[in-house]
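Work through the exercises below with the sequence and the 3D structure at hand. Each task is followed by a solution in steps.

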Amino acid sequence: MLKFLTDDFLLSNDTAKALYHTYAKDKPIIDYHCHIDPKEIFEDRRFENLAQVWLGGDHYKWRIMRSNGVDEYYITGEAPDREKFQKFSETLPRAIGNPMYHWCHLELKNYFGYEGVLNGDTAQQVWDLAKDKLQNDASMSARGLILKSNVMMVGTTDDPCSDLKWHKALREEDFAVSVCPSFRPDPALNIHKEGFKDYIKKLSVAVGFEIATLDDVKKALSNRIEYFDQNGCRASDHGLDYVMYRQASDSEINAIFKNALAGKPINKEQSEVYQTALLLHCAKEYKKHDWVMQLHFSCMRNPNTKMLETLGPDTGFDCIAVTDSCEATYKVMDALERENALPKTILYSLNPADDEWIDTLIGAFQSSQIAGKIQHGSAWWFNDNKVGMQNQLTSLANLSILGNFVGMLTDSRSFLSYARHEYFRRILCNLIGTWIENGEYPSDIEFAGSLVEDVCTYNAKRYFNL
């Protein structure tokens with residue numbers, strides 16, 4: 001029987017161990033997509049206790065607490081931090097097989113030096129240890145945690161209306177880690193959603209001119225893309241319910257836009273027409289600036305309308321959606337390719353059933369511009385577990401080139417989530433090591449090691465022009 005969480009955790013053979021410890025473990029992290037607040041990085045936030053740095057805003061932890069019958073008072077409610085942490089600590093041991101169990105213990109080990117297991121009985125010991133370290137160890141601030149994690153780049157997620165104040169301030173201070181904004185234009189594209197009209201007014205203020213037509217929206221987004229580019233942006237990110245492709249004339253789209261501004265209801269077909277036009281416009285702008293376009297899709301947002309009304313969106317009630325985005329995705333990419341306007345693109349589906357079609361589609365649109373121009377993104381959200389990562393890596397290897405993969409990201413709001421990169425690297429090395437041990441790949445440890453280094457760091461470094 002193996003001991004829990006040793007130095008060889010998840011590494012089942014000698015080749016896997018050599019690949020991880022020699023080639024993967026100490027490579028810099030390029031966290032090209034996350035939701036960390038750049039203000040907290042600039043202000044070098046310090047956290048009072050483990051609940052603040054661990055439970056605040058972490059939907060993964062909220063979901064398993066709800067699944068364990070914990071009252072919302074101890075999750076997003078007004079319960080004291082210590083009581084929230086107790087409820088989480090009592091829940092965690094029941095989450096066997098959940099990546100949260102592994103992540104939490106990796107974080108406790110890596111950042112706090114805790115070698116035991118967290119449960120209801122050890123909660124006070126862990127609480128006291130973490131509180132002392134967070135309050136008294138200078139390296140446990142927001143910046144300190146990033147530096148301690150050997151991070152080279154952080155890609156935040158930013159609204160087009162943002163003045164990018166904190167990114168500018170960080171550059172002026174010459175912080176050792178690149179903190180790059182990422183352009184997230186969803187509110188300007190979601191014509192069918194509540195608040196669209198108000199957002200267009202906000203965008204008008206940001207660009208300094210009235211937005212009254214479709215051309216005005218395009219001009220405004222181009223304006224903000226240029227501004228983001230001047231401030232170090234390397235990528236965009238689109239959070240789509242599903243990928244759509246529906247064409248119409250500019251006059252028809254303009255009429256739809258004006259109806260939305262007038263407060264008239266927009267149906268699904270009208271929304272798809274508008275979203276398609278704006279997605280294609282943005283993609284062409286990304287290509288001009290050599291950005292990466294990230295498309296996240298197949299997510300069902302807020303199916304529990306009672307809790308949506310109680311807590312609002314983005315509180316941990318989303319789930320996998322079964323959508324047919326395949327045909328629309330290839331049509332979007334084909335339309336851009338025909339104009340030589342297809343940017344570097346990463347496709348992420350929340351539905352793991354989409355892995356194979358994504359891995360075959362990316363092969364239809366590759367280019368000599370850069371190896372792996374079109375990417376199948378890392379196992380995302382509900383899939384960033386051991387099985388999900390293994391399946392995504394295996395599908396990519398089966399149908400494309402694993403050696404060109406740009407690797408892992410945190411997609412997190414937590415400064416402790418860099419342990420997820422370690423988790424990914426161990427799974428990657430074990431997969432490749434097993435293939436070598438099984439005689440499915442030559443036992444050339446140096447070449448396999450260089451491939452591992454590329455997937456961990458250097459492919460992303462090239463891809464995002466760092």
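**Exercise 1.** Determine whether Glu-272 is buried or exposed, and find its salt-bridge partner.

Step 1. Glu-272 has 7% relative accessibility and therefore counts as buried; the cut-offs are under 20% relative accessible area for buried, over 50% for exposed, and partly exposed in between (1.4 Å probe, protein chains only).
Step 2. The side chain of Glu-272 meets that of Arg-246 in a salt bridge, 2.8 Å from N to O. A salt bridge requires a side-chain nitrogen of Lys or Arg within 4 Å of a carboxyl oxygen of Asp or Glu.
Step 3. Arg-246 lies in the loop between strand S5 (235–239) and helix H13 (250–261), and Glu-272 in helix H14 (residues 268–288), so the pair links distant parts of the chain, 26 residues apart. Helices (H or I, at least four residues) and strands (E, at least two) are DSSP runs, numbered from the N terminus.
Step 4. Arg-246 is partly exposed, at 35% relative accessible area.

The model is predicted: local features need pLDDT of at least 70, side-chain atom pairs count only at pLDDT 80 or more, and totals for chains, interfaces and linings use all residues. Residues are numbered from 1 along each chain as its sequence is written, and side-chain values use heavy atoms, with hydrogens and water left out.

**Exercise 2.** Locate the salt bridge between Lys-284 and Glu-339 and classify both residues.

Step 1. The N to O distance between the side chains of Lys-284 and Glu-339 is 3.2 Å.
Step 2. Lys-284 belongs to helix H14, while Glu-339 is in the loop between helix H16 (326–337) and S9; the two are 55 residues apart.
Step 3. Lys-284 is partly exposed at 29%, and Glu-339 is partly exposed at 48%.

**Exercise 3.** How many aromatic pairs does the whole structure hold?

Step 1. The search finds 24. Rings of Phe, Tyr and Trp (its six-membered ring) pair if their centres lie within 6.5 Å; planes under 30 degrees apart count as stacked, over 60 as edge-to-face and the rest as tilted.
Step 2. Phe-4 and Phe-9 are an edge-to-face pair, with 6.3 Å between centres and 75° between planes. Phe-4 is partly exposed at 33%, and Phe-9 is buried at 10%.
Step 3. Phe-405 and Phe-424 have ring centres 6.2 Å apart and planes at 65°, so this pair is edge-to-face. Phe-405 is in the loop between helix H18 (386–399) and helix H19 (419–437), and Phe-424 is in H19, so the pair ties together parts 19 residues apart in sequence. Both residues are buried.
Step 4. Ring pairs also link Trp-54, Phe-85, Phe-88 and Trp-127 into a cluster.
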